[in-house]
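Please read the following briefing alongside the sequence and the coordinates.

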Amino acid sequence: MNVPKTSAVIGSGTMGPGIAALLARYGSTVRLNDISEEALQRAETACTTASSVLNQLEIPTVPGGSVSYELDLATALTGADLVIEAVPEKLELKKSVLAQIEAAVGAEVIIATNTSGIPISDMAGAMSHPERFIGMHWSNPPHLIPMIEVIRGEQTTAEVEDALVGIVKAFGYEAVIEKEVPGFIENRVLYAIMRECLSLVEQGVATQEDLDTCVKWGIGYKLAVIGPMRLLDMAGLDIYESVSSYLNPDLSNESGISPLVTDLTKQNKLGMKTEDGIYPYGEGDVAAKRADILRGLVTVRKALSEITPV
Ligand SMILES: NC(=O)C1=CN([C@@H]2O[C@H](COP(=O)(O)OP(=O)(O)OC[C@H]3O[C@@H](n4cnc5c(N)ncnc54)[C@H](O)[C@@H]3O)[C@@H](O)[C@H]2O)C=CC1
Ligand SMILES: Cc1ncc(C(=O)O)c(C(=O)O)c1O
C-alpha cells in the first residue's frame, strides 16, 4: 500500500499541520481543513516548521506532494482516499464531524480518527459505514514521533486495518495494532506516569523541575532504548516481584483529575498555549522551549534510528 494520492485532515490545531506535512512529504495531495480561518493561517506556519524538521531528519521528498488550506469541508474532502479527523477530543463533536464527512465521501473511503483514546466503537455508532472507520492515533509532534497506534472498532474490517497499516508503513512509521481499550496503549501508560508524577509534586516529594530531571534520565532515556517489557527481563522478574509487593499498594490510585491541574485550568493556566501552567513562561520562553524540544527530539530520533531503525 502506498501513501494516499489525496488525503484530507479535518482539524488544523496542534496535530493537524504535522500530520499534513508528513503525508505531503511522502507525495500526498493533502487538504487541511478547519472551521477557524485563524487556525488555518497558523497551520501554514506550522506546516513550514514541520517541513523544516523533516529536512533535518533527512526525510526525502516524494514528488507531487502538497498541502492546501480549506475552510470549506466539502472542498477539503473532494477526491480524498483517506480522511483523518483531528478535531477536539469531544465525543459529540467528533460524531457530528464524522457524519458531515460521511455525507461527502464514498463508502470505500477510509476515515481515521486521531482520538487520544475514545473507544472507536463509541464514535462509530451513528456512522452509515462503520466498517471503514478506524483509530489512527498519532503522538505529538506527529511528524517526529514515528509510531502510530491502529485500533479497529467492533465493525471495522480487517481489510481496512491492513490498508491503514500499509499506509503507515509506507511513510516509514511503526504501526502498533491494538485491541480497543480507552486510551489505547500509549495514553494508558503515559497517563499512569503523569498521575504518579502529579501526585509526587502535589505531595511536595519533588519540584516539577527535579521530577522532570529524574524521569527524563532515569526512565525516559532507558525506556527509549530498552522498552518496559524488556526492562523487566533486564532487572529480573524477582526484583520486580519484591519491589511491587510493597510499592504497588502505595502508588497513586487517584481516579479523578489531579487537584494541581484543576487548580491551574480554573485560572486558565493551560501551559504553553497560555504562557503559564505547570511552569511559568516569560517573554519568548515558549518559543525558545519549543525550539529546544524540537532540537532534542530530532537529535534523539536520529540516534535511536541508528540502533532501532524505525
Ligand atoms: N495535542 C496532543 O498532544 C494530541 C492530541 N491528539 C488528539 O487529536 C485530536 C486533535 O487534538 P489537537 O490537535 O490537540 O486539538 P486542537 O484543539 O489543538 O485543534 C483542533 C482543531 O480543530 C478545529 N475544529 C473544531 N471543530 C471543527 C470542525 N467542526 N471542523 C473542523 N475543524 C474543527 C479547531 O478550530 C482546532 O483548530 C484530539 O482528538 C486529540 O485528543 C492526539 C495525539 C496528541
Ligand atoms: C498530555 C498528552 N495527552 C495526550 C497525548 C496523546 O498522545 O494523545 C499526548 C501526546 O504526547 O501525544 C500527551 O502528551
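In which loop does glutamate 58 lie? Glutamate 58 is found in the loop between helix H2 (37-56) and strand E3 (66-70), where helices (H or I, at least four residues) and strands (E, at least two) are DSSP runs numbered from the N terminus. This is a predicted model, in which local features need pLDDT of at least 70 and side-chain atom pairs count only at pLDDT 80 or more, while totals for chains, interfaces and linings use all residues; side-chain values use heavy atoms, with hydrogens and water left out. Residues are numbered from 1 along each chain as its sequence is written, and chains are lettered from A and ligands numbered from 1 in the order in which they are written.

**Confidence**

- The protein has an average pLDDT of 97, and 99% of the residues score at least 70, pLDDT being the predictor's confidence in each residue, from 0 to 100.
- For the model, the scores are ipTM 0.98 and pTM 0.96.
- Where pLDDT is low, predicted coordinates should not be read in detail.

**Surroundings of ligand 1**

- Ligand 1 is surrounded by 22 residues, of which the closest are Thr14, Asp34, Glu89, Lys94 and Ser116; a residue counts as near if one of its heavy atoms lies within 4 Å of the molecule.
- By class, this shell holds nine nonpolar, ten polar and three charged residues, with Ala, Val, Leu, Ile, Met, Phe, Trp, Tyr, Cys and Pro counted as nonpolar, Asp, Glu, Lys and Arg as charged, and the others, Gly among them, as polar.
- Polar contacts (pairs of N or O atoms within 3.5 Å) include one from a polar side-chain atom of aspartate 34, at 2.6 Å from an oxygen atom of ligand 1.
- A side-chain N or O atom of serine 116 is likewise 2.6 Å from an oxygen atom of ligand 1, and for a polar side-chain atom of asparagine 114 the distance to a ligand oxygen atom is 3.0 Å.
- Of the 830 Å² of accessible area that ligand 1 has on its own, the protein covers 78%, as computed by the Shrake-Rupley method with a 1.4 Å probe.

- Strand E6 (residues 133-137) is mostly covered, with five of its five residues buried, that is, under 20% relative accessible area, whereas exposed means over 50% and partly exposed lies in between (1.4 Å probe, protein chains only).
- From E6, Phe133, Gly135 and His137 point one way and Ile134 and Met136 the other way, and all are buried.
- E6 pairs in the parallel sense with strand E5 (residues 110-113) over three bridges, and isoleucine 111 has phenylalanine 133 as its bridge partner in E6; two strands pair if DSSP finds at least two bridges between them.
- With strand E7 (residues 147-152), E6 pairs in the antiparallel sense over four bridges, and histidine 137 has glutamate 149 as its bridge partner in E7.

**Backbone geometry**

- Most residues other than glycine have a negative phi, and most peptide bonds are trans.
- Glutamate 58, although not a glycine, has a positive phi of about 55°, and is exposed, with a relative accessible area of 64%.
- Phenylalanine 184 also has a positive phi of about 55° without being a glycine; this residue lies in the loop between strand E8 (174-178) and helix H7 (186-202) and is buried, with a relative accessible area of 1%.
- The peptide bond from asparagine 140 to proline 141 is cis, with omega near 0°, and proline 141 belongs to the loop between E6 and E7.

**Helix H9**

- Helix H9 (residues 228-235) lies largely in the open, because the number buried among its eight residues is zero.
- Glycine 236, whose phi is positive, near 110°, follows H9.

Terms used
A polar contact is a pair of N or O atoms within 3.5 Å; within protein, one must be able to donate a hydrogen and the other to accept it, and residues adjacent in sequence count only if both atoms are side-chain atoms.
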